Amino acid sequence: MGLFIAQLLTGLANAATLFLVASGLSLIFGVTRIVNFAHGSFYMLGAFVGYSLMQVLPGAIGFWASVLLTGLVVGLIGVIVEVLVLRPVYKAPELFQLVATFGVILVIQDLALMIWGAEDLLGPRAPGLKGVVRIMDEPVPLYDLALIAITPFVLFALWYLISRTRIGVLVRAATQDREMVAALGVNQSWLFTGVFFLGAGLAGLGGAIQLPKGGADLLMDFNILAAIFVVVVIGGMGSLPGAYIAAVLISVLNVFGVSYLPQSTLVLMYIVMAIVLTVRPYGLLGREEVVGEHGQVGEPERPIKPAGTKARVMVAVMLMALLALPLADSHFLVILTTDIIIFCLFAASLHFLLGLGGLVSFGHAAYFGGGAYAAGLLVVHVNAPMELAFVLAPLGAGLAAFIIGWLCLRLTGVYFAMLTLALAQLLWSLVFQWDEFTGGDDGLVDIWPAAWLSEANSYFYFTVIVGVGGILLLRHVAHSPFGYALRASRDSQRQAEATGINTKRIQWMAFTMAGALAGVAGALFVFSKGSVFPNELEITKSFDGLIVVFLGGVKTLSGGVVGAASLELVKDYLTRIEYWRLALGLLIIVVVVLAPNGIVGSLRKAWERLRGTPADEPSTTAPVALTSASAGTQESER
Amino acid sequence: MLELSGVNSFYGKAHILRDLGFSINAGEVVSLLGRNGAGKTTTVKSIMQLVKPEKGSVIFDGVELTRLPTHRVAKLGIGYVPEERRIFTDLTISENLEVGRQPPRPGVYSWTQQTLFDLFPNLAERRSNRGKALSGGEQQMLSIARTLMGNPRLLLLDEPSEGIAPVIVEQMAHTILKLKAEGLPVLLSEQNLHFARMVSDRAIIIEGGLKKFDGTFAELEAQPEIRDAYLSV
């Protein structure tokens, strides 16, 4: 009984940090609609800044002053990020901003490395709260009790701010309809900046306040990211009490998980989340997301068209160049191009889902890694020949997508995205912790192609044929009736239903298909490298996919492939320099700010401006119909 | 006090307003009439800078609006009631009014929640209800009340009678006349000619983004061919 209570208290204390960070994320998302991937970075900065401040400010007063000051400092860093990075891209297509926040993650990682070094820092103990008290004979740290006591006050203060003050009223109004708030005379950019300050500041507080229990290291940002997304989603987007309950639930379960079922620790919170969302699709205290409630920003999407003759010739020339590549006799070039093609296929499959289906998956690595592991496991455990493994791998990935798709498609919008993330993490943690079967952290090795492909060049040709074939297949499907139905389901689910399209089934099929093709990419990958490790299933891999799709251009068919090829090439050069994350992050941010329609979309716009747009015909009655009709005749989609 | 001249506005590539120009004088209620798609809503949005005119000027009390962001236009004292009402459904009625609140403006009637509840008694009883619990007519009332909380010097009403029960439309006409009696000028975009004639001094008719008529209702009645050509009666 004593142990039980002690563990419960530990869980409650851990919930403090989780709640602080998650509530900031929830606030930022609620008002700005930005999925802030960099929120974990604010938390990490909080830990580092807090550590440095505590070195300078002595005693108990110094400790708590450091904590508060850290909140202020990190809040101001959040303001800098908002003003410099996000403000220029508020008008960009939905979710595009997350690419910018990803750039911020990279920049902050390297800046932290420069300032605080690579060593893990051990947090100082809180002066005056170093001891333990005995509760039913079990030692409980005093600091834990302090955290348990503080959190409800923070919750109350936030709740009061949001529901009882004028600022809170404005924030809630802006959450629903920013434009109307502006039309009533409120400067919403100021409101956004304020919310960013508060949200980032809370993350900073969370980072500082956990110092005595943990410390500061460079992995903190990604380590907490999944957990805070889970907390926000379980609690219900935008609900502070919900975030508190979810933080407590996750932290307490985690403490018990560690002691009674150690293998479960990584998986546990995702299982909780999957269960909660299956029963309550909008989280414990969340409310339904009304589609279109926030209004579509930006201009209407252009129709897509099959490639014209010019574009076809260009693609043919590029293919010829690819096939001629081994003549250059550079082993390095062949390997690099193989990697690029594989990544392009992965990105194209995600783009298919995201661009055409409007289904934002945050966990697409599950199918890439899934395909790679399916092939690897077949080879390692049953000694399957490469050909068989290669055929079964996409089937395995497709099956995973089939099941996960069925679960996730019951939700929409950001909840959908979060559930795909959670289930992908579930798969990752299974692979990571099931040593006997998957090799765990050591991965699977010695997975080589069949004899007839064992030469680097022949495997390269194989990759070109399968990879480019897969990309062309996706393109072809985009122009098929299935592709039309998929886009119809994306643009207006209700109208599509009314014309007899079973939108859920169409989306489910698209999800499965995208998964299977990511699986093909995974299979190509595992046989080209000869091994596979759990990081192919990780969040960062999924994020890489998202970044290139958005960077290339969601609304253009070739966006995914162009984005993937550019990023992979740039990465190859940049990773040779010491602070490559900083360089890459800055580059991403610059591209995001300069090309808010993605690389392809923005290039096309620039081209049109250069060519000059044709004069308007006299417009008469139906302005909206005219927009799309004229767009249709003027654009040629490549 | 408001003067539009040579205003050209676009949605994407579609040219909606073509060299539109008109003015509104102090204390005047003006109706902007025209069919669906004539450009009425775009005109109102071009004043609020929710749509940025590509050419032309919108001058309010000597201030050029086209260079200002929307919230600055509202701060200058132009109150905007959108066609879709756009009340905040998750906020209570009181909170909706609070969002619209601005400091008192010299020389203009200063509204409070209480005086607005006197004007719209239906809202008073439900002040702690959430916006989503209101009927269409009540939402329209709330939208107007919310804008009045900003103590506007000019009110833009975009099709307030659309989809509202006739008895409520009648009530709204009385409200607008009351506001007029307070000296508040109103630009009323309307399709309901009967309603427009009840409350306004002057009519402006647009079609395809071009001004076709600008004059009193008596003048309009003298030219039935204009009414037949540009209004669906």
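**Exercise 1. Determine how much area domain 1 and domain 2 of chain A bury between them, and on which atoms.**

Step 1. In this predicted model, local features need pLDDT of at least 70 and side-chain atom pairs count only at pLDDT 80 or more, while totals for chains, interfaces and linings use all residues. Side-chain values use heavy atoms, without hydrogens and water; residues are numbered from 1 along each chain as its sequence is written, and chains are lettered from A in the order in which they are written.

Step 2. The domain assignment, automatic or from a database, gives domain 1 (2–279) and domain 2 (338–577) of chain A.

Step 3. Buried area is the accessible area (1.4 Å probe) that two parts lose on being put together, summed over both. For domain 1 and domain 2 of chain A this comes to about 2400 Å², with 85% on carbon and sulfur atoms.

**Exercise 2. Characterise the side of domain 1 of chain A that touches domain 2 of chain A by element and by class.**

Step 1. Contact means heavy atoms within 4.5 Å; 29 residues of domain 1 of chain A meet 26 residues of domain 2 of chain A in this way.

Step 2. Helices are DSSP runs (H or I, at least four residues) and strands likewise (E, at least two), numbered from the N terminus. Helix 4 (97–116), helix 9 (220–235) and helix 11 (265–279) of chain A each give two or more residues to this side of domain 1. Helix 11 of chain A supplies the largest share, 9 residues.

Step 3. The classes are nonpolar (Ala, Val, Leu, Ile, Met, Phe, Trp, Tyr, Cys and Pro), charged (Asp, Glu, Lys and Arg) and polar (the others, Gly among them). This side of domain 1 of chain A has 23 nonpolar, 5 polar and 1 charged residues.
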